[in-house]
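I opened a new structure today and kept short notes. Here is what I looked up, entry by entry.

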Amino acid sequence: MTDIVDARTRSAMMSGIRGKDTKPEILVRRFLHRSGFRFRLHHKDLPGRPDIVLPRYRTVVEVRGCFWHRHEDCPFAYMPKSNRAFWKAKLEGNRARDLRNLQKLRELGWKTIEVWECELAGDEILESLPALIRADCDLPASRLPT
């Protein structure tokens with residue numbers, strides 16, 4: 001099947017896809033801020049420049065798009081029908097890079113949390129984030145955000 005737009009238009013459309021400040025990422029950031037957590041964004045000194053870095057808790061939160069990062073068994077992680085060889089290499093490369101970066105972060109002593117785009121449809125994942133962040137934390141309970 002051929003593309004319905006020319007190569008220049010497709011290139012412009014694809015370049016408009018954000019890598020930062022996506023709607024799912026902003027949703028998670030707003031929730032964390034309202035919950036009393038303070039964080040840094042896209043910390044340059046950490047492998048992969050994680051989306052959200054909570055230095056106080058030595059925790060990073062990666063907000064993943066299901067299509068781009070290959071969420072297993074997710075209907076949004078489909079394989080495009082055209083140019084399959086390109087997309088297969090691109091999307092598998094993304095997933096391999098994500099795994100390498102998560103491993104490096106763990107080796108440096110950082111706790112990692114992945115939040116998938118499809119999980120944000122309900123509030124369950126957001127409601128569980130504070131407990132995931134606080135798990136194994138050395139701070140006294142009186143100093144933990146509620």
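I began with His-33. Leaving out residues up to four places away in sequence, I found that His-33 touches Arg-38 and Phe-39; contact means heavy atoms within 4.5 Å. His-33 sits in helix 2. With a relative accessible area of 44%, His-33 is partly exposed (buried is under 20% relative accessible area, exposed is over 50%, partly exposed lies in between, with a 1.4 Å probe and protein chains only).

A note on the source: this is a predicted model, where local features need pLDDT of at least 70, side-chain atom pairs count only at pLDDT 80 or more, and totals for chains, interfaces and linings use all residues. Residues are numbered from 1 along each chain as its sequence is written, and side-chain values use heavy atoms, without hydrogens and water.

Next I followed helix 2. Its residues are 23-34, and its axis comes within 10 Å of the axis of helix 5, residues 124-134. The two axes cross at roughly 60 degrees, so helix 2 is oblique to helix 5. Under 35 degrees would be roughly parallel, over 145 roughly antiparallel, 65 to 115 roughly perpendicular, and the rest is oblique. The axes are lines fitted to C-alpha atoms, for helices over the stretch in contact, and angles run from 0 to 180 degrees between N-to-C directions. Helices (H or I, at least four residues) and strands (E, at least two) are DSSP runs numbered from the N terminus.

Which residues make the contact? Helix 2 brings Leu-27, Val-28, Phe-31 and Leu-32, while helix 5 brings Leu-126, Glu-127, Leu-129, Pro-130 and Ile-133. I sorted them into eight nonpolar, no polar and one charged.

Then I checked the cysteines. How many disulfides does the structure hold? It holds zero; a disulfide is a pair of cysteine sulfur atoms within 2.5 Å. Cys-66 is in none, and the nearest cysteine sulfur, in Cys-118, is 3.6 Å away. Cys-66 is buried, at 0% relative accessible area. For Cys-74, the closest cysteine sulfur is that of Cys-66, 3.7 Å away and too far for a bond. Cys-74 is buried at 10%.

Last, I looked at two arginines. Arg-49 is not a glycine, yet its phi is positive, near 45 degrees. Arg-49 lies in the loop between strand 1 (40-41) and strand 2 (52-54). Arg-58 also has a positive phi, of about 45 degrees. Its place is the loop between strand 2 and strand 3 (59-64). Arg-49 is partly exposed at 38% relative accessibility, and Arg-58 is partly exposed at 38%.

Technical notes. Nonpolar A, V, L, I, M, F, W, Y, C, P; charged D, E, K, R; others polar.
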